[in-house]
Amino acid sequence: MGAAKAEIRLPKSEFVSRVSRRCRTDKALLCYLSDCLDDDGYMRFSDAELAEGLSAPEEQVSRGMARLRRLEPAGIGARDLPQCLLLQLERLGDESAAVPIVREYLEPLGRGRFRAIAAALGIPEEEVRRALA
């Protein structure tokens with residue numbers, strides 16, 4: 001993971017310099033953050049790395065990331081697949097068993113271990129299957 005992280009570089013451009021020098025509007029911050037997304041829409045940088053690249057407070061970047069994640073498509077700006085799926089479920093207002101399944105049992109789910117997931121959650125196996133429909 002360290003080697004792959006070393007290959008990722010924050011976008012450096014005149015735009016970044018302008019954003020760093022002047023008042024960082026929401027729109028400018030969102031443009032910068034969207035420039036930092038990988039081709040799949042994931043954010044591979046931490047808020048601290050983004051803040052350092054922008055010379056901005058980390059709290060401001062965190063607020064910007066929260067705004068970015070409210071944009072379309074649902075899941076944009078997630079840091080990994082579970083977070084992407086959780087953002088999509090949140091957008092749908094889904095409060096089914098899908099949420100704890102994604103949060104805690106994504107690996108067993110990929111192996112088709114519906115019975116084990118159902119037992120761990122204390123729900124019928126059929127409810128696990130419905131949550132995935």
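**Figure 1. Overall view of the predicted model.** The accessible surface of the protein comes to about 8300 Å², and 51% of that surface belongs to carbon and sulfur atoms. Areas come from the Shrake-Rupley method with a 1.4 Å probe; for residues, only the protein chains shown count as cover. This is a predicted model: local features need pLDDT of at least 70, side-chain atom pairs count only at pLDDT 80 or more, and totals for chains, interfaces and linings use all residues. Residues are numbered from 1 along each chain as its sequence is written, and side-chain values use heavy atoms, with hydrogens and water left out. The protein has 10 helices and 0 strands. From the N terminus on, the order of elements is α-α-α-α-α-α-α-α-α-α. Helices (H or I, at least four residues) and strands (E, at least two) are DSSP runs, numbered from the N terminus. Of the 133 residues, 35% count as buried. Buried means under 20% relative accessible area, exposed over 50%, and partly exposed in between (1.4 Å probe, protein chains only). Among contacts with a separation of 6 or more, 43% join residues 24 or more positions apart. Contact means heavy atoms within 4.5 Å.

**Figure 2. The largest nonpolar core.** This core has 16 residues, of which L33, M43, L50 and M65 touch the most other members. Elements giving two or more residues to this core are α3 (26-35), α4 (47-54) and α5 (58-68). The largest share, 4 residues, comes from α3. A nonpolar core is a set of buried Ala, Val, Leu, Ile, Met, Phe, Trp, Tyr and Cys residues joined through side-chain atoms within 4.5 Å. Beyond its neighbours within four places in sequence, L33 contacts M43, L50, V61, G64, M65 and L68. A second, separate core holds 14 residues, including A97, A118, I123 and V128.

**Figure 3. Packing of α3 on α5.** The two helices pack at an angle of about 80°, with their axes 10 Å apart. Axes are lines fitted to C-alpha atoms, for helices over the stretch in contact, and angles run from 0 to 180 degrees between N-to-C directions. α3 and α5 are therefore roughly perpendicular to each other. Angles of 65 to 115 degrees count as roughly perpendicular. From α3, D26, L29, L30 and L33 meet Q60, V61, G64, M65, R67 and L68 of α5. By class, this contact has 6 nonpolar, 2 polar and 2 charged residues. Ala, Val, Leu, Ile, Met, Phe, Trp, Tyr, Cys and Pro count as nonpolar, Asp, Glu, Lys and Arg as charged, and the others, Gly among them, as polar.

**Figure 4. L30 in helix α3**. L30 and G64 are 34 residues apart in sequence but 6.3 Å apart in space, C-alpha to C-alpha. Not counting residues up to four places away in sequence, L30 touches G64, R67 and L68.

**Figure 5. A131 in helix α10 (residues 125-131)**. A131 is buried, with a relative accessible area of 14%. Leaving aside neighbours within four places in sequence, S96, A97, A98 and I101 are in contact with A131. A131 and I101 lie 30 residues apart in sequence and 8.6 Å apart in space, C-alpha to C-alpha.

**Figure 6. Backbone geometry in two loops.** Most residues other than glycine have a negative phi, and most peptide bonds are trans. S55, in the loop between α4 and α5, has a positive phi of about 55° although it is not a glycine. At 54% relative accessibility, S55 counts as exposed. P73 sits in the loop between α5 and α6 (81-92). A cis peptide bond joins E72 and P73, with omega about -5°.

Methods. Parallel < 35°, antiparallel > 145°, perpendicular 65-115°, else oblique.
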